[in-house]
Amino acid sequence: MNVVVDTAAGPRQHVVASLSLGKSFGALALLDDAPRSATVMCATEKVQVLSLHREHYNDCIRSFHKRDLEEKHLMIQQCELFTNIPSPDARLLANFTTL
């Protein structure tokens with residue numbers, strides 16, 4: 001598949017990348033509402049594409065973040081140094097912890 005960008009001077013297109021099996025495209029569209037920056041064109045009829053909608057991506061990110069915070073909170077609770085910290089404070093501390 002080729003990733004092409006339309007030129008400002010008419011219908012010409014410029015190939016900016018060629019994608020091979022297993023490569024991805026369109027990731028920026030998951031992060032913001034900006035207009036498309038390129039077009040992906042396939043040179044063959046046999047292609048399989050997996051689509052991920054922004055709301056599902058955001059659900060996955062929220063779920064990952066929640067699980068990550070729960071793991072950090074558990075680690076803080078099990079650490080002898082933090083045994084006297086109330087649970088709400090330990091949860092707050094988990095937000096600033098890197099594993």
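Predicted model: local features only at pLDDT ≥ 70, side-chain atom pairs only at ≥ 80, totals over all residues.
Ground rules: residues count from 1 along each chain as its sequence is written. Local features need pLDDT of at least 70, side-chain atom pairs count only at pLDDT 80 or more, and totals for chains, interfaces and linings use all residues, while side-chain values use heavy atoms, without hydrogens and water.

**Exercise 1. Find which elements have the lowest and the highest mean pLDDT.**

Start with the scale: pLDDT is the predictor's confidence in each residue, from 0 to 100. The chain averages 84, and 91% of the residues score at least 70. Now go by element (DSSP runs numbered from the N terminus: helices, H or I, of at least four residues; strands, E, of at least two). Strand β1 (residues 2-6) sits lowest with 66, and helix α2 (residues 54-78) highest with 93.

**Exercise 2. Work out how α2 and α3 are oriented.**

Take the angle first: α2 and helix α3 (residues 87-94) pack at about 125 degrees, with axes 8 Å apart. Axes here are lines fitted to C-alpha atoms, for helices over the stretch in contact, and angles run from 0 to 180 degrees between N-to-C directions. Next, classify: under 35 degrees is roughly parallel, over 145 roughly antiparallel, 65 to 115 roughly perpendicular, and the rest oblique. So α2 and α3 are oblique to each other.

**Exercise 3. Say which element gives the largest share of the lining of the largest pocket.**A pocket is an open set of 1 Å grid points over the protein atoms alone where a 1.4 Å probe fits, with protein on both sides within 12 Å along at least five of seven lines; lining residues have an atom within 4 Å of a point. The answer is α1, with 4 residues.
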